Amino acid sequence: VKNIRLPANRSVLACQSSYFEALLVGRFAEAHQKEVVVDETSPKAFFAVLRYLTLGDLPPKEQHSEVYGLASKYGLEALADYCKEKALARQTFIEAQERVLAFHQLTEEFKEAEVH
């Protein structure tokens, strides 16, 4: 991934994902290659997917959106659902914070207008 080698066990990946099964065990050229190049993502996001596949670890919150896209592509429905739920919850929380901040700013402006 982006010139960074991330070692992974082919059998584990193939057992956990139909995408990787087809890629690594099927008739694709990658099945016969020692290394597979992955360029569509960041090393951190792909490493998060590898950790999920091999250890069951869930990605950190700052990677939910990017990992969601990979999980969807690789047929990892449980991971995709988790990341989607967490990303939406985070977005909702950020939007709520922005609304509260805007309300406080508006309140301060209103108070200043009353004084003058």
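Author: Contact here means heavy atoms within 4.5 Å. The model under discussion is predicted.

Reader: With which residues is Phe-46 in contact, leaving aside its neighbours within four places in sequence?

Author: Leaving those neighbours aside, Phe-46 is in contact with Val-1, Leu-6, Phe-20, Val-38, Thr-41, Leu-70 and Tyr-74.

Reader: Why is Phe-20 called buried?

Author: Buried means under 20% relative accessible area. The relative accessible area of Phe-20 is 4%, so Phe-20 is buried. Phe-46 is buried as well.

Reader: What makes Tyr-19 count as partly exposed?

Author: The class lies between buried, under 20%, and exposed, over 50%. Tyr-19 has 29% relative accessibility, and therefore counts as partly exposed.

Reader: Why is the pair of Tyr-19 and Phe-20 called edge-to-face?

Author: Rings pair if their centres lie within 6.5 Å, and planes over 60 degrees apart count as edge-to-face. For Tyr-19 and Phe-20 the values are 5.3 Å centre to centre and 90 degrees between the planes, so the pair is edge-to-face.

Reader: Why is the pair of Phe-20 and Phe-46 edge-to-face?

Author: The ring centres of Phe-20 and Phe-46 are 6.4 Å apart, and the limit for a pair is 6.5 Å. Their planes stand at 70 degrees, where over 60 is required, so this pair is edge-to-face.

Reader: What parts does the pair of Phe-20 and Phe-46 tie together?

Author: Phe-20 belongs to helix α2 and Phe-46 to helix α3, so the pair ties together parts 26 residues apart in sequence. A search of the whole structure finds five aromatic pairs, and one aromatic cluster is formed by Tyr-19, Phe-20, Phe-46 and Tyr-74.

Reader: Which residues have the most contacts inside the largest nonpolar core?

Author: That core has 20 residues, and those with the most contacts inside it are Phe-20, Phe-46, Val-49, Val-67, Tyr-74, Leu-76 and Leu-79. Two or more residues come from each of α2 (18-25), α3 (43-55), α4 (64-73) and α5 (77-115). With six residues, α3 gives the most to this core.

Reader: Where is the centre of the largest pocket, in terms of the residues nearest to it?

Author: Of the 27 residues that line the largest pocket, Leu-6, Glu-35, Val-36, Val-37 and Val-38 lie nearest its centre. Helices α1 (10-16), α2 and α3 each give two or more residues to the lining, and α2 gives the most, with four. The pocket holds about 560 Å³ of space.

Reader: How many residues of each class does the lining of the largest pocket have?

Author: The lining has 16 nonpolar, two polar and nine charged residues.

How values were computed:
Residues numbered from 1 in each chain as written. Predicted model: local features only at pLDDT ≥ 70, side-chain atom pairs only at ≥ 80, totals over all residues. Heavy atoms only, no water. Core = buried A, V, L, I, M, F, W, Y, C linked by side-chain atoms within 4.5 Å. Buried < 20%, exposed > 50% of the residue type's maximum accessible area, 1.4 Å probe, protein only. 1 Å grid on protein atoms, 1.4 Å probe; cavity = no way out; pocket = protein on both sides within 12 Å on 5 of 7 lines; lining within 4 Å. Points joined across faces, edges and corners; volume = space filled by probe spheres on them. Nonpolar A, V, L, I, M, F, W, Y, C, P; charged D, E, K, R; others polar. Phe/Tyr/Trp six-rings, centres within 6.5 Å; stacked < 30°, edge-to-face > 60°.
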